[in-house]
Amino acid sequence: MTARHHSASHVDNHVDNHTAAAPAHSTPHPAAAPVALQHSSLVCPPEELVWRQRQAASLMATVASAVAGHTLNLLDHWQACLVLTDRDGVVLASYGHQQLLGNDATLLRPGARWREESLGHNAIAETLNAPRANRLPRIALDAHDAECLKGLASASAALLAPASWNSRRGLTPGACEGCLGLICDPYRVRQYSLGMLGVLADDIEQRRLGEALGHDHHLLRLHLNRSQLDSPSAALLAVTPQGQVAAASRRGLQLLAAHLELPPSPDCAEHPADNDSSATRDDLHLLLGQPLARWQLDWEPLAQLDDAECLTLSQHPHFTGYALCGVLPRPRIQARAPATHPTDERTGPLATQAAACHPSLARLHHGDAGWARVCELLARLVNARLPLLLQGETGVGKEEVVKALHQASHRAHQPLVAINCAALPDELVEAELFGYRRGAFTGADPAGREGRLIEANGGRLFLDEIGDMPLHVQARLLRVLQEREVTPLGGGKPQRVDFELVAATHQPLSELVKAGHFRADLYYRLCGASIALPPLRDRQDMAGLSHALLTRLCREQQRELPRITPDFLNRLMQHDWPGNVRELDNVLRLALALCDGPSLEACHVMLSGEFSSASHAQHCAMLPPEKPPLPPLHDLSSAEELQSALDALGGNVSRLARELGISRTTLYKRLGAA
Ligand SMILES: Nc1ncnc2c1ncn2[C@@H]1O[C@H](COP(=O)(O)OP(=O)(O)OP(=O)(O)O)[C@@H](O)[C@H]1O
């Protein structure tokens, strides 16, 4: 028996100690015939995905920052894939191994629908059917209906917004925000996956609580162990300035409930393994809105604690351990989701979040989890006085990042001096960087010249393509960075300089160091923090990014933004983008030039090389104005004939449907009838 066929057919609940999966308690799913996957019902159209990602942008940003680091390493190690879905079970972002499903990887990508109607039985659907009852992670083993999931485990945990109380509105129960799903080989990771999901869900819910209430509430953390006060295992309470409990994390609610000796809620009774989960209880009103004095916690000294101080509660009748109060929520990125219409950009709940962080950094984020992590890092480092090294392929947006970082920093009103080390001839690099005194060399400006490093004084120096800097200039630059003084060529008084430094390269700098082409000491000077910018082919925000670029182009060209059709986006998503965002920008520019009508269609996408190839005649904008003759619909009776007509239109399904006077769905059905 292979590992994949090892597991029993059931859904497990999980006890809160995150160490072992308890036996099944939910109704076993009846054995069902394998579900044949229909692409159209499994994946939502790109426009719908953009809308969904927009709705959930702040959740996506929080999840991306919680997942970064240890969780990504675990996923890598387990060869597992983690997906974040919204409350309708549509995947918004995924992390880890998408290769797990071979040809069916679409299921793990944004847009895939995991609700039972689309995919049959799976843990995500199970959790979303009753997110409150299923708050604790659960796992579906060999019970999947979809053929491609057979033998795999899907584990999931609901993400619930914190229930909260305020004096005006009273109690607001926390809604289900989405679901985390882990798809993995059960044999490898069954014991650990639930633990990981549970901790991750706790961490995310705590972060969400801090984000929602941290700005005008005290955040009180309680834990037995002082060093764990900042961990997801701490109980977190949001407390009003008057000392009332306004919200609590799941563990916070458990702790409060336990000390009032409240009986387990009906939800918990249905799921005995959850029986310490007071997070699902209906009697939240006994806990929220109540003064801390109810638990004999003296608010005065807690409210006055500094961020780093904590209070020992060893003498307390209810709590033992430590309390830390006044901790600000962890820094978070400002998430601005892909917008479907320019007018949407500043409206809705996102506008409130946008106020929390600098807009120039938020503008880099269009819904991709990798970029969300980059933006979060940048937000943390923007004024950290650390030299930054940006690494990424050509055209990924390194220069855009530097401009955004500078605008977001305390030095925004000081100069940003950019030098492309690859564009300067070797013999001029030194003079350009360090300046020279009059008569320093033949051909020099007789008045001498101030170097770019001095121009950057007080502001930021951006050394682009640093990997191309000649070795002798590297030695000199290193001296400047160590001594913070610049001496012009030809001698003279050294001048003190103070600038922030960002370097960028598309080359693997550490490899250049190993090969002796780049100084190791300079590398470490430049690399206070190294940030890798993901290439476009790995990004999952094509819809949002294209919309942003098109909006900018249309603004420049003073024309109205055409409608972006799903076919147009689909075609963009099929390309590999070796030139990254720069290439995309050019393709979109060309598409706009080719588009006379109200919408951008697949045929407006001309990828590099297509102009010179025979395929160019297939593109609608390149065709003669008269329409290609299509036989009447009744003549196109077979799927093959329809396919030929489709090929003649460059694969433009919308156009063929229009020409034939039928809906796209009908056309797809007829095409699929072959
Ligand atoms: N996040 C973004 N939003 C809008 N435009 C972007 C973004 N990222 C890149 N671009 C556009 O893509 C093009 C390339 O960006 P940029 O010059 O920053 O890339 P780069 O990584 O510095 O490239 P190179 O390594 O070749 O210098 C530019 O036209 C830029 O305006």
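**The ligand and its setting**

The protein has 25 helices and 25 strands; these are DSSP runs, numbered from the N terminus, with helices being H or I of at least four residues and strands E of at least two. It's a predicted model, where local features need pLDDT of at least 70 and side-chain atom pairs count only at pLDDT 80 or more, while totals for chains, interfaces and linings use all residues. Residues are numbered from 1 along each chain as its sequence is written, and side-chain values use heavy atoms, with hydrogens and water left out.

Now for the ligand. Around it sit 16 residues, the closest being T394, G395, K398, E399 and E400; a residue counts as near if one of its heavy atoms lies within 4 Å. Some polar contacts (pairs of N or O atoms within 3.5 Å) can be picked out. The side chain of K398 has an N or O atom 2.7 Å from an oxygen atom of the ligand. For V396, a polar backbone atom is 3.3 Å from a ligand oxygen. R552 has a polar side-chain atom 3.2 Å from an oxygen atom of the ligand. Taken alone, the ligand exposes 630 Å², and the protein buries 86% of that; such areas come from the Shrake-Rupley method with a 1.4 Å probe. Two or more shell residues come from each of α14 (398-408), α20 (542-556) and α22 (580-594).

For context, here's the wider protein. Of its 674 residues, 54% count as buried, which means under 20% relative accessible area with a 1.4 Å probe and protein chains only. The accessible surface comes to about 29,700 Å², and 51% of that belongs to carbon and sulfur atoms.

There's also a largest nonpolar core, with 33 residues, in which L463 and I466 touch the most other members. Such a core is a set of buried Ala, Val, Leu, Ile, Met, Phe, Trp, Tyr and Cys residues joined through side-chain atoms within 4.5 Å. Elements giving two or more residues to this core include β16 (416-420), α15 (426-434) and α17 (471-483), and α17 gives the most, with 5 residues. Beyond its neighbours within four places in sequence, I466 is in contact (heavy atoms within 4.5 Å) with residues including L389, C421 and F518. Another core, of 31 residues, lies apart from it, with M60 and I204 among them.

Finally, the cysteines: a search of the whole structure finds 0 disulfides, meaning pairs of cysteine sulfur atoms within 2.5 Å. For C81, the nearest cysteine sulfur is that of C184, 10.0 Å away.

Methods: Buried < 20%, exposed > 50% of the residue type's maximum accessible area, 1.4 Å probe, protein only. Polar contact = N/O pair within 3.5 Å; in protein donor to acceptor, adjacent residues only side chain to side chain.
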